Amino acid sequence: TIVRLADYRPSDYLIDRVDLDVRLHPTETRVTATLALRPNPDGEPGAPLVLDGDELTLLAIALDGQPTGPGAIAVTPRSLTLHQPPQRPFVLAIETQVNPSANTKLMGLYRSNGVYCTQCEADGFRRITYFLDRPDVLAVYTTRIEGERADTPVLLGNGNPVAQGEIGLTRHYAIWHDPHPKPAYLFALVGGRLGRVGSRFTTMEGREVEIAVYVEPGKEGRAGFALDAVARSMAWDERTFGRAYDLDVFNVVAVSDFNMGAMENKGLNIFNDKYVLASPDTATDSDYANIEAIIAHEYFHNWSGNRVTCRDWFQLCLKEGLTVFRDQEFSSDERSRPVHRIADVRTLRARQFPEDAGPLAHPVRPRAYREINNFYTATVYEKGAEIVRMLRTLLGPDTFRRGMDRYFATCDGTAATVEDFLAAFAHESGRDLTAFAQWYEQAGTPTVAVSGTYDPAARTYALAFRQSLPVVATEAAAGAVDRPQLIQPQLIQPLVIPVALGLVAREGGPVEAVSERVHDGVFVLETAEDTLVFEDVAAPPVPSLFRGFSAPVKVEHALTRDERLTLLAHDGDAFNRWQAAQSLAMDVLVGRAKAGAPRDAEAGPEGAALSAALATFLDGEALADPAFAALVLTLPEEQEVAQTLQAEVDPDAIWRARQSLRVQLGRDLGPRLRALRAALAEPAGTPFSPDAASAGRRALRNAALDLVTAADPDAGTALALAQLDAATTMTDRLAALASVSLVPGEAREGALARFGETYRHEPLVLDKWFAVQAMIPEDGTPDRIRGLMRHPAFSLGNPNRVRSLIASFSLNNPTQFHRPDGAGYDLTVEVVLALDGKNPQVAARLLTSFNTWRMVEGGRRRRAEAALRRVAEAPGLSPDVSDIAGRSLAAA
Ligand code: ARG
Ligand code: ZN
């Protein structure tokens, strides 16, 4: 069944209070829910009450304390209907039984590593009890949790703890009360043997908050960084948005089996342990950065998501896009703003652009879905965050902040919509944001084509802009495509595109030209075509456009190599300096890939020009900002090159093109890169710090290692093996292993075997080891993966293992996933089908690796299509996988 935004109706009944009594048992957990209901004045009077369920067994039910009469209710595992509810407030008491140990979907109540935990977003609460499981039904919850003291010494719920006590000799209970009304998707409980680290935070309102992070006993030493990140997040949200925490406790629990990254349940955030646990020996710098970002993300949801929640799931971007924007800003403030911005844009281009260009494209606010869990996408999250960022760019930081304040003030305690959000900013700015709202409605990445003309006589410089949306979105917009997510109610509308820009002199330095249409460095493109004229320009300048990546668009701007070199050397905007290097590299990669990347490519003159520019750059400032330098040295990923080529893509040619340029840069820059490695070496005994500066030095050392190894595999492998032995951080050890893994031979196999042995009891480290092997761009990789699937540490039941070993292959190993013989597609499909019966959400996510299938050349394309058809036609598919398969195959 398809759910449509246009069909939204308020619930016929509301639930004001929920009293839950949960008696934990590994296979027979009993849940009694006492619901205080009333007819919704905005609903249909006299309508039946239909509660949602999913795989539930009803044990008992009472209406206002009395058994319901014969025929009064209809019950299935998926729903409970009360045919004639009282048309006044009433109480329904429902007892259900669930089996947490058999819950391999990891939705609802399940056991992970012996710990009881829950995941209710989007629709998991209905797997715990019958309920109005929709985000616009907000209730106050009191939860009593009971369990064996030995198995579940720790019992956690939402809100504040209010009571606990013993029951007989072996059992005990805890009662939690959450005073803030919330939708069911924010419900959570945890019961288990857990270690705890804690601290306190005093809010700006003077509230004393107990913060705690719970982890597997024995891993407390790895929880300190996450704990500190909670306190830093709380302080930042007060400083930056004036948002204070609103309960007496804030708990974070790490579990080892989790479908996503983490979940913002009120006062009780539950995390994938990968995003909590960190020690220098087990976590890389990017793990530390991710932990900090995700801790912040879930904490920030307390306001953007929980205090103000979503009316329906079409509004998912209302909380997710906004909260990603907030966590990006937090990381930028805590670390380096330009470096963080570049990292975010790389993610957007690597994940969201392909999604928006493929068969799974959808607007940031979709209009229809079959399975909502398939819409927790890069588009909703990352493009959603870009929309909020554009809003700030358009309105300026002060008006933006006032708009945020107004949004929180007017929508607090409600289930809101994108319209409510925009109304707050329209009110504060006095602007009409109707045209801007199109960003939420239209799928596809816009392209902005720009050309500059200098008129020496008039001393003017004109920039002509033209915006367009790609055909895939255009067709869908016209309703020509039978894909519900893409059918658009109106033809393509021009988007409101903020273009942050400046002019750079050819010899360096900014050009102070005037245009009354540029305010605070931003020009707003609002029509399909427009021309911006700068007056009084003495000489032809080089335009620096979309500074800081001011809009999520593709830019077509035919700059010469020299112009790009000028920007790399002289632009005042760090993002665009990096972008200039990327564009130079992209031009080389695209040229070589189109030529089939012949052997002699390694000496091509365009590559040599890039080497020369990078040499100057490195000599000048590599040591001043190593993190930035590491990004400048990193070539665009193969997937990004594929996106640029768009059609009839040959992944092997792209790989050879990229390899040839790595070899060329490694040769040309070799002595410099070795000298940099030496200059950046940490003196023995330097204590570990995960801070951005230390991480930046490691990043540059390892980027240098990568290029050195490409140019001289023997010498590079020797360096890498030495680093592998001597490393004191997981960052350096893993970078060394990755370098070694690209050079076939005994040294590699030995190093891999030693690493696997050393960390055999560390699942999160073995995940990195699985991923390194899954990404080896060689014919033997599918067999290697099949072998590793039999490794004692691998399990299809654990989402992290599946993502490490299988998704790393399908998403990050393009030559092998898209093998001409179809073996990469076969492996992926085999795992999707094996997994679907256990965990449909993770299976469906894995299948999205096919979203680029239409771009690849004919032979591969036919094999990919056949593989997708095998999935689509398999018997007994979950709605999750069937939805992805169906949309992936729908006619373009
Ligand atoms: N709200 C969570 C977050 O982004 C993600 C939950 C995803 N759950 C799901 N079933 N898809 O912080
Ligand atoms: Zn989120």
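The model is predicted: local features need pLDDT of at least 70, side-chain atom pairs count only at pLDDT 80 or more, and totals for chains, interfaces and linings use all residues. Residues are numbered from 1 along each chain as its sequence is written, while chains are lettered from A and ligands numbered from 1 in the order in which they are written.

I begin with the sheet. Strands pair if DSSP finds at least two bridges between them. Strand 2 (residues 13-23) runs parallel to strand 12 (residues 139-148), with seven bridges.

I turn now to two helices (DSSP runs of H or I, at least four residues). Helix 6 (residues 397-411) packs on helix 7 (residues 418-429) at an angle of about 130°, their axes 8 Å apart. These axes are lines fitted to C-alpha atoms over the stretch in contact, and angles run from 0 to 180 degrees between N-to-C directions. The two helices are therefore oblique to each other; angles under 35 degrees count as roughly parallel, over 145 as roughly antiparallel, 65 to 115 as roughly perpendicular and the rest as oblique.

Finally, which residues surround ligand 1? Among them are Glu121, Met260, His297 and Tyr376 (C-beta atom, placed from the backbone, within 6 Å). Strand 20 (262-263) and helix 2 (285-300) each supply at least two residues of this shell.
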